[in-house]
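Work through the exercises below with the model open. Each one has a task and then a stepwise solution.

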Amino acid sequence: MSRRAFLLATGAVAGSAVLSACGSKGGGTAAPSGEVEVFSWWTEGAENAGLQALLADFKLNQPNVSFVNRAVAGGAGANAKAELARRLDANDPPDSFQGHAGAELSDYIAAGKLENLNDLYAEQKWADLFPKEVLPLIRSGGDYYSVPVNIHRANMLWSNPKVLKSVGADPAPKTFTAFLAGLQQVKRAGGRVPLVVADAWTLKHLLETVLLSSLGPQGWTALWAKGADWSSPRVRQALEGFHEVLTFTNASSAASSWDEASTLVGSGKAAYQIMGDWAEGSFKLTQNLQPGTDYAWAPVPGTAGTFQFLSDSFTLPKGAKHRDAALAWLKECGSKSGQLGFNGAKGSIPTLTDLDTEDRALFGEYLQWSMDEWKRCRIVGSLTHGVVANNAWNAAIDGALETFVKNRQVAPFQQALAAAARQHAA
């Protein structure tokens, strides 16, 4: 079953052949029928490939359920979240929607928009199978509210080793100073973007990794506690570093999406990209590049030993029109066959902790490395991807960052960030 899902995801076998060979999962109760409307922001490249892999396994297991894909493109989910908010306010929820585990999910819980999934967790024994670092982020008051389908790492540096070799720069600099030197070498050689960025959320992603690099995991985590000192000299130094890094980017004429930015790295038009490890799906599957030869990876300089993570999860909204089908979808999200296929295509690691040697062997070099990193590194949460700050705090940071990108004034930027923390820190 697990190999079947993975092969479907990677396109190694024809779906029709697998469909004829495998039936749906057994069960004593009647299988749901009808449709299930699922809301996400997975529309691009490897993200969509991952969704399609999960859907392929779901169709095998639930042949009587029609999947209605309500994916909304753009902004690392910002556009989807805006449309979702409109529907929730109108009491017209989808049957399930994607949300990041952590502070982002807590907004929906506090607003009373979600059913708890305690019975499903007990049935599937997920509390024993999902990581201890993730469980508190999907739980409130002892109740579980979503099913995490993956773990991504945010603090990753991707590079084109051929480009960097040609200018004498390091594809995996270990310190921030060495990274700046490499960016300068690429800039001096000319003809390529040293560090490629895309739309606004990729700049916030870059900001959070620079803050982590400068402040360390303890300092980064402290930023999100009540009473955090965003006015400190250390934060000022980190923001100065962010300002300097931006001078090596295409921020004034950014690529329109993160995966287009990844394509610029893969094609040799850019040297580096700081992006979550969903980029690996773009390099390997979408662009058909060879790891180590055509693209390389390393933790963002200064963050080795720290795994800045996020986890996509799916929920059961109150008032879901097709509740039984939604529960079947959630069960798929937490299944081994679903997670192996989905994560193999998307470029993330499963949340299930009971993977054996045979399961791990299905994944490529990067993802096996990432699985090992998850076990050995210190775990901290992502800002851009909903773990450490709620939606209102994220929006305030977005506004401050937008102004800073236009005027490049560090002092007022720091003041705006400090004001946002005073207003929104729980």
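**Exercise 1. Which residues line the largest cavity, and which helix gives the most to the lining?**

Step 1. Leu207, Leu211, Trp220, Trp224, Trp230, Leu383, Ile397 and Leu417 line the largest cavity. On a 1 Å grid over the protein atoms alone, a cavity is a set of points where a 1.4 Å probe fits but cannot get out; lining residues have an atom within 4 Å of a point.

Step 2. This is a predicted model: local features need pLDDT of at least 70, side-chain atom pairs count only at pLDDT 80 or more, and totals for chains, interfaces and linings use all residues. Residues are numbered from 1 along each chain as its sequence is written, and side-chain values use heavy atoms, with hydrogens and water left out.

Step 3. Sort the lining by class. Eight residues are nonpolar, none is polar and none is charged. Here Ala, Val, Leu, Ile, Met, Phe, Trp, Tyr, Cys and Pro count as nonpolar, Asp, Glu, Lys and Arg as charged, and the others, Gly among them, as polar.

Step 4. Helix H9 (residues 200–222) gives the most, with three residues. Helices (H or I, at least four residues) and strands (E, at least two) are DSSP runs, numbered from the N terminus.

Step 5. Get the volume. It is about 30 Å³ for the largest cavity, taken as the space filled by probe spheres set on the points, which are joined across faces, edges and corners. Searching the whole structure finds one cavity of 30 Å³ or more.

**Exercise 2. Describe the three-stranded sheet and the helices that lie across its strands.**

Step 1. Write the order. The open sheet runs E7-E12-E14, with mixed pairing. Two strands pair if DSSP finds at least two bridges between them.

Step 2. Find the edges. Strand E7 (152–153) and strand E14 (378–381) each pair on one side only.

Step 3. Check one pairing. E7 and strand E12 (residues 306–310) run antiparallel and are joined by two bridges. His152 has Leu310 in E12 as its bridge partner.

Step 4. H9 lies across E12 and E14, at about 115° to E14. Helix H16 (residues 365–376) lies across E7, E12 and E14, at about 105° to E12. Contact means heavy atoms within 4.5 Å. Axes are lines fitted to C-alpha atoms, for helices over the stretch in contact, and angles run from 0 to 180 degrees between N-to-C directions.

**Exercise 3. What is the strand order of the five-stranded open sheet, and how do its strands pair?**

Step 1. The order is E2-E1-E3-E13-E6, and the pairing is mixed. E2 and strand E6 (146–148) are the edge strands. Neighbouring strands are turned by 30° against each other on average, direction ignored.

Step 2. Start at E1 (residues 34–39). Five bridges pair E1 with E2 (residues 65–69) in the parallel sense. Among the partners in E2, Val65 faces Gly34 and Val68 faces Glu37.

Step 3. Cross to E3 (residues 96–100). E1 and E3 are parallel over two bridges, and Phe39 stands opposite Phe97.

Step 4. Go on to E13 (residues 312–315). E3 and E13 are antiparallel over three bridges. Gln98 stands opposite Phe314.

How values were computed:
On a 1 Å grid over the protein atoms alone, a cavity is a set of points where a 1.4 Å probe fits but cannot get out, and a pocket is an open set with protein on both sides within 12 Å along at least five of seven lines; lining residues have an atom within 4 Å of a point.
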